[in-house]
Amino acid sequence: MRHLIDPTDLSVEETGQLLNLAIDIINNRQAYAHVCDGKKLATLFYEPSTRTRLSFTAAMMELGGNVLGFSDARTSSVSKGETVADTVRVVSSFADIIAMRHFKEGAPNVAAQYSRIPIINAGDGGHSHPTQTLTDLLSILRELGHLDNLTIGLCGDLKYGRTVHSLIKAMKRYDGTRFVLISPDELRLPDYIKNILPSNFIEVNTLEEALPMLDVLYMTRVQQERFANQDDYERLKDSFILDAKKMTLAPEHMIVLHPLPRVNEISTDVDEDPRAAYFRQVGNGKFVRMALIYTLLGKTEEQPKRLRVLSPTTRRCTNDRCITLSEPVVKQSYTDEDGVERCAYCDHCLRKD
Ligand code: NCD
């Protein structure tokens, strides 16, 4: 059984096969209309979502399968205090595959430990969002024709933007990727992601500086729901706004991606620009999720071990949003290249004591 918790759970080769399958599905929709007949997808969404949940639902329906689940944890037994571990043990009896979105970071990791069916991480707090990354990769491939030798500008909330974290993990595996980071100081990448960036990344202060050198501009929303202090959100929310005037500085071939929803960060006067690929991107999300569901349901081999060495720990995670603070799981850690001990669930550092 295979899960998708982190984008690197799929090797580069497997990722390529999955993207090719998605393209084949796009070109031969009818051929895939019944490949999941009789199968059930459970969507367990503990956090709001429009696109991701609906695209999982549409994906399973287009494969011939059925969908059950909840989109509001208040209407499930979670409101009675049920753990993630127990919920997935129960749902494993009703469905064939689970897509889970959770506000706690590392929750899908816990789910994978207790589930008897494949788990897909549909976004865990500010940590990761691997199926958005597959959507982004398919979009880049369809728009530009290749995934190597690209300069990608990541703009906005790089601290809490889980789509950015997963995209960096996936894209750094292709030759010649160069990252350009554009964010307010307070919303820079968390250190566990910054540590894995290839050494040739650059940080700039304005979109104007970044635009002329980019093949892909990845805009993100400032993640209001992750801010402890709403005044900080108000101060930072409009730090970078892409508009038609700034687009005149971008190369002809550059594409603009955005996982959506957009708030203010892309002015609507960009929408008609042929380089604005974000609404085409959203359509790719359904096809890549069809490819993923179909692939995971067919995979019988064991989940490959991540390369890092894990050890049990009794130390607490420093991340208030980590699932290990609320769920009775075996705490595990790994040591990064700088010798920092990190939580195996959410990647934040552990307390020193
Ligand atoms: C993103 C998410 O949920 O992280 N949305 C999505 O899945 N398409 C981005 C966001 O909410 O800003």
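## Helix H5

Helix H5 covers residues 130-144, 15 residues in total. From first C-alpha to last, H5 reaches 21 Å. That is close to the 21 Å expected at 1.5 Å a residue. The model is predicted, and local features need pLDDT of at least 70.

H5 is mostly covered, with twelve of its 15 residues buried. Just after the helix, Gly145 takes a positive phi of about 90°.

Asn149 lies in the loop between H5 and strand E5, residues 151-155. Phi of Asn149 is near 55°. That is a positive value in a residue other than glycine. Is Asn149 buried or exposed? At 52% relative accessibility, Asn149 counts as exposed, because the exposed class takes values over 50%.

## Ligand shell

Which residues surround the ligand? The shell includes Arg51, Thr52, Arg101, His129, Gln132 and Arg162. Thr163, Arg221, Gln223, Pro259, Leu260 and Pro261 also belong to it.

A polar side-chain atom of Gln132 lies 3.3 Å from a ligand nitrogen. For Pro259, a backbone N or O atom lies 2.9 Å from a nitrogen atom of the ligand. Taken alone, the ligand exposes 320 Å². The protein buries 93% of that. Two elements give two or more residues to the shell: helix H2 (51-62) and helix H6 (162-171).

## Leu260 and Pro261

Leu260 is found in the loop between E9 and H11. Pro261 lies in the loop between strand E9 (255-257) and helix H11 (278-298). A cis peptide bond joins Leu260 and Pro261. Its omega is about 10°. Both residues belong to the shell around the ligand.

What is the phi of Leu260? It is positive, about 65°, although Leu260 is not a glycine. Leu260 counts as buried at 12% relative accessibility, because the buried class takes values under 20%. That burial is for the protein chains only.

## Nonpolar surface patch

Leu68, Val90 and Phe94 make a nonpolar surface patch of about 250 Å². Leu68 is found in strand E2, residues 66-70. How accessible is Leu68? Its relative accessible area is 33%, so Leu68 is partly exposed. Patch residues need over 30% relative accessible area, and Leu68 has 33%.

## Asn195 and Ser326

Asn195 lies in the loop between helix H7 (191-194) and strand E7 (202-204). Asn195 is partly exposed, with a relative accessible area of 35%. How far apart are Asn195 and Ser326 in space? They are 27 Å apart, C-alpha to C-alpha. In sequence, 131 residues separate Asn195 and Ser326.

How values were computed:
Residues numbered from 1 in each chain as written. Predicted model: local features only at pLDDT ≥ 70, side-chain atom pairs only at ≥ 80, totals over all residues. Heavy atoms only, no water. Helix = DSSP H or I, 4+ residues; strand = E, 2+ residues; numbered from the N terminus. Expected span 1.5 Å × (residues − 1). Buried < 20%, exposed > 50% of the residue type's maximum accessible area, 1.4 Å probe, protein only. Patch = residues over 30% accessible without salt bridge, like charges linked within 9 Å, V, L, I, M, F, W, Y side chains within 5 Å. Areas by Shrake-Rupley, 256 points an atom, 1.4 Å probe, with all protein chains shown as cover. Salt bridge = Lys/Arg side-chain N within 4 Å of Asp/Glu carboxyl O. Near = heavy atom within 4 Å. Polar contact = N/O pair within 3.5 Å; in protein donor to acceptor, adjacent residues only side chain to side chain.
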